[in-house]
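Hello,

Here is the structure you asked for. Have a look at it first, then read my notes below.

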Amino acid sequence: MEAPRSDIDGAEIGGAGVGGAGAGIAARAERFFATRILPRHADWVAATQAGERMPAFVATLREEARAEGLWNLGIPPRAGSGGPGLSNRDFAPIAELTGRLPWASLVFNCHAPDLPNMIMLDALATPGQRERFLVPLLEGRAASAFAMTEPDVASSDATNIATTIRADGGDLVVSGRKWFITGAAAPDLSFHIVMGVTDPEAPRTARHSAVLVPADAPGIRVERTLRFLGWDDHVAPIGEIVFDEVRVSAANMLGEPGRGFDAAQVRLGPARLHHAFRCIGLAEMLLDLMKRRMRERTAFGRSLAEYDSVQQWIAEGRIGIDMSRHFLNHAAAELDANGFKASWRAISMAKVHVPRMLQEIADRALQLFGAAGGSDDHLIHHAFVYARMFRIADGPDEVHLRQIFRSEPVPEGALQDSGYVARRAAGHPNDNKTGRTQ
Ligand SMILES: Cc1cc2nc3c(=O)[nH]c(=O)nc-3n(C[C@H](O)[C@H](O)[C@H](O)COP(=O)(O)OP(=O)(O)OC[C@H]3O[C@@H](n4cnc5c(N)ncnc54)[C@H](O)[C@@H]3O)c2cc1C
């Protein structure tokens with residue numbers, strides 16, 4: 001069983017553990033990335049800087065990838081998606097690889113938010129919903145958004161979500177304002193999965209439901225396109241949107257009424273893992289850039305590669321990446337084996353750790369590159385923004401840390417009862433009457 005290796009810069013992608021069909025597909029995806037995607041990156045940057053949202057060659061690359069079976073690689077085995085049905089663990093090296101560029105995951109139809117939305121629909125959609133909403137996504141002729149966050153409430157506590165979904169005859173009527181919704185500002189958006197309150201009288205965790213809302217339904221207004229730290233999401237532009245008495249059929253309820261948070265969990269586990277693996281891809285890309293730069297740049301009579309500080313940055317970067325990868329592979333394997341409910345802790349720990357690791361490497365890369373590091377010529381700023389984004393989106397660090405803390409077993413008994421604490425026998429020399437230590 002051969003672990004896939006990068007032929008881009010010699011760094012291992014994905015680490016050991018991927019086998020069989022997964023390894024073969026990862027190797028083919030890697031070749032496609034190196035020979036067809038990466039050579040077009042400069043064109044992608046030029047086109048998007050010139051104001052194009054998505055250069056036309058991306059559609060051609062998508063067709064080519066699909067023809068070669070490199071399509072829907074992140075959909076788990078049960079989906080009947082036309083994809084290879086890789087496990088999360090087998091998809092890991094591909095998510096990592098595509099994370100190196102902001103647009104690469106789109107080529108394999110493995111991009112956010114469509115991929116987690118496909119996973120959610122695959123698990124919960126009725127046959128009619130599958131036909132109308134899931135199949136077009138799987139075939140790459142639709143785009144979706146997941147609309148939960150709202151400007152007027154602290155949305156990291158999802159029970160605060162205030163958008164209403166009111167039953168009216170055979171319809172559902174959606175009213176509310178959402179923001180920072182990835183993909184919501186895309187002109188070709190097909191539908192939203194909207195989270196809202198269906199039963200305000202129910203207990204806080206049983207009030208919300210998920211509903212499928214076509215993007216062209218009357219009453220939807222895209223108020224503005226948002227950037228995060230100045231970064232435009234070209235793959236899935238981020239929007240602020242208003243749902244003004246938007247009417248859809250009651251058949252658009254996704255999953256059971258009042259079980260909206262359970263429904264959302266189906267997509268959140270994989271979504272967090274995918275983002276974290278993309279972070280590792282970005283970190284590898286940065287380390288590659290740093291190693292090239294340090295050799296080429298001379299300051300005070302020495303190449304940057306000769307300075308201890310730079311050598312330590314590289315070494316610490318390598319430690320951070322490899323530790324994160326092991327950690328994440330473990331979380332992916334847990335998700336595959338035991339499902340989200342049993343693996344949330346491993347995923348949450350990785351979700352906190354991995355973007356911090358990327359942020360640290362991005363900061364060092366920025367330092368090493370000097371002013372050039374903040375320019376549009378490199379993806380250092382993108383990596384920095386991605387790390388910062390991921391420390392907030394899909395649950396801020398503090399929320400995950402709180403849950404991890406709560407799941408941490410606290411031992412019974414007082415500190416003095418611990419066998420690790422040396423007990424002082426009566427008459428210990430330090431227990432003298434003068435209070436002075438001898
Ligand atoms: C680039 C980007 C893309 C996004 N895409 C989407 C999307 O597609 N769909 C979507 O619905 N949302 C999306 N989001 C929104 C994101 O999920 C929310 O921003 C996030 O859940 C936090 O909610 P909030 O912004 O309302 O922050 P708040 O809830 O106001 O929290 C602010 C801060 O309060 C602190 N805090 C909160 N709870 C605790 C706690 N328990 N303990 C200690 N401190 C705490 C944390 O420091 C937290 O960062 C996106 C965000 C970004 C930046």
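At which residues does UniProt place the feature "domain: Acyl-CoA oxidase/dehydrogenase middle"? The unreviewed entry gives residues 145-246. In the model, that stretch is 0% helix and 49% strand. Its end C-alpha atoms are 16 Å apart.

UniProt also lists "domain: Acyl-CoA dehydrogenase/oxidase C-terminal", again from an unreviewed entry, at residues 258-406. Here the chain is 81% helix and 3% strand. The end C-alpha atoms of this stretch are 25 Å apart.

**Confidence**

Please keep in mind that this is a predicted model. The mean pLDDT of the protein is 92. Of its residues, 91% reach 70 or more. Residues 1-16 have pLDDT below 50. That stretch still has 40 contacts in the model beyond near neighbours in sequence.

**Domains**

The protein is divided into three parts: domain 1 (20-111), domain 2 (144-257) and domain 3 (261-406). Between the C-alpha centres of domain 1 and domain 2 there are 28 Å.

Phe 146 sits in strand β1. Is Phe 146 buried or exposed? Phe 146 is buried, because 25 other C-beta atoms lie within 10 Å, and the cut-off for buried is 20 or more. His 192 is 46 residues away from Phe 146 in sequence, yet their C-alpha atoms are 5.7 Å apart. Leaving out residues up to four places away in sequence, Phe 146 touches Pro 113, Asn 117, Ile 193 and Arg 267.

The peptide bond from Ala 112 to Pro 113 is cis, with omega near 0°. Pro 113 lies in the loop between α5 (104-107) and α6 (114-124).

Gly 196 belongs to strand β4 (residues 191-197). Gly 196 counts as buried because it has 26 other C-beta atoms within 10 Å. Ile 161 is 35 residues from Gly 196 along the chain, and their C-alpha atoms are separated by 6.4 Å. Not counting residues up to four places away in sequence, Gly 196 touches Ile 161, Thr 163, Thr 164, Ile 165, Val 174, Gly 176, His 208, Ser 209 and Val 211.

Glu 201 is in the loop between β4 and β5 (208-214). Glu 201 is exposed, because 7 C-beta neighbours lie inside 10 Å, and exposed means 12 or fewer. Glu 201 and Ile 319 are 118 residues apart along the chain. Their C-alpha atoms are separated by 51 Å.

**Two positive phi angles**

Phe 180 is not a glycine, but its phi is positive, at about 55°. Phe 180 is placed in strand β3. With 19 other C-beta atoms within 10 Å, Phe 180 is partly exposed. Glu 245 is not a glycine either, and its phi is positive at about 50°. Glu 245 is found in strand β7 (residues 238-249). Glu 245 is exposed, with 12 other C-beta atoms within 10 Å.

**Helix α9**

Met 357 is part of helix α9 (residues 308-369). Why does Met 357 count as buried? Because it has 23 C-beta neighbours inside 10 Å. Apart from neighbours within four places in sequence, Met 357 is in contact with Ala 283, Gly 320 and Ser 324. Met 357 and Asp 376 are 19 residues apart in sequence. In space they are 22 Å apart, C-alpha to C-alpha.

Best wishes

Note on methods
Residues numbered from 1 in each chain as written. Predicted model: local features only at pLDDT ≥ 70, side-chain atom pairs only at ≥ 80, totals over all residues. UniProt positions renumbered as here; feature names shortened; annotations may be inferred. Helix = DSSP H or I, 4+ residues; strand = E, 2+ residues; numbered from the N terminus. pLDDT = per-residue confidence, 0-100. Contact = placed C-beta atoms within 7 Å. Domains from an automatic or database assignment.
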